[in-house]
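Please read it alongside the sequence and the coordinates.

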Amino acid sequence: MDLVEATRDDAELLAEYWFQLASEMEPYSELNELAHDDPADVVEGIAQHHVNGDDTTAFLLEVDGRTVGSVLVREGEHSSRALDRYLQIVDLFVEQGHRDRGHGTAAIECVERRARTRRRLPGSLL
């Protein structure tokens, strides 16, 4: 499993994934109620806030050259801590037909490795 940084060209696919994830979460709380009925309605917001966001990076999960999901990571700071920078997984989605194969776990582990490396290297997110 590889994490590949998403680009503006991936915004439609990311919107599809986000919409599926949000739809699956909707029954669990009224706070998850969707404001849109179609993933096409959120493409520009995904492009602006997930792909081109100042503190977020969207990645595609690729297995054997095929995209099977996505992960959205946000970088933040705790100025009162010695290790003041952190990464937070905001969204993690794996396509239905590829679940229960360890892809989500592999994505989390990959983000953790990148976060550990990131602490030692200056520069951009991940």
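A residue counts as buried under 20% relative accessible area, as exposed over 50% and as partly exposed in between, using a 1.4 Å probe and protein chains only. By that rule Phe-93 is buried, at 2% relative accessibility. The model is predicted: local features need pLDDT of at least 70, side-chain atom pairs count only at pLDDT 80 or more, and totals for chains, interfaces and linings use all residues. Residues are numbered from 1 along each chain as its sequence is written, and side-chain values use heavy atoms, with hydrogens and water left out.

**Sheet**

- Helices (H or I, at least four residues) and strands (E, at least two) are DSSP runs, numbered from the N terminus.
- Four strands form an open sheet in the order β1-β2-β3-β4, with antiparallel pairing; two strands pair if DSSP finds at least two bridges between them.
- At the edges are β1 (2–5) and β4 (85–94), each of which pairs on one side only.
- From one strand to the next, the twist averages 30 degrees.
- Strand β3 (residues 66–77) is joined to β4 by nine bridges, and the two run antiparallel.
- Within this pairing, Val-73 stands opposite Ile-89 of β4.
- In general, strands of a sheet pair through backbone hydrogen bonds, either parallel or antiparallel.

**Helices on the sheet**

- Axes are lines fitted to C-alpha atoms, for helices over the stretch in contact, and angles run from 0 to 180 degrees between N-to-C directions; contact means heavy atoms within 4.5 Å.
- Helix α1 (residues 11–25) lies across β2 (56–63), β3 and β4, and runs at about 85 degrees to β4.
- Helix α2 (residues 43–51) also lies across β2, β3 and β4, running at about 105 degrees to β2.
- The 15 residues of α1 reach 21 Å from first C-alpha to last, close to the 21 Å expected at 1.5 Å a residue; the expected span is 1.5 Å times one less than the number of residues.
- Ala-11, Leu-14, Ala-15, Tyr-17, Phe-19, Leu-21 and Ala-22 are the buried residues of α1, and these pack against α2, β2, β3 and β4.
- His-50, in helix α2, is buried with a relative accessible area of 18%.
- Leaving aside neighbours within four places in sequence, the contacts of His-50 are Trp-18, Gly-45, Thr-56, Thr-57, Ala-58, Leu-72 and Asp-91.

**Aromatic pair**

- Two aromatic pairs are present; rings of Phe, Tyr and Trp (its six-membered ring) pair if their centres lie within 6.5 Å, with planes under 30 degrees apart counted as stacked, over 60 as edge-to-face and the rest as tilted.
- One of the pairs is Tyr-17 with Phe-93, whose ring centres are 5.1 Å apart and whose planes stand at 35 degrees, so the pair is tilted.
- Because Tyr-17 lies in helix α1 and Phe-93 in strand β4, this pair ties together parts 76 residues apart in sequence.
- Tyr-17 is buried, at 3% relative accessibility.

**Positive phi in loops**

- Most residues other than glycine have a negative phi.
- Asp-64 has a positive phi, near 50 degrees, and sits in the loop between β2 and β3, where Asp-64 is exposed with a relative accessible area of 81%.
- Asp-100 likewise has a positive phi, near 65 degrees; Asp-100 is in the loop between β4 and α3 (103–120) and is exposed, with a relative accessible area of 84%.
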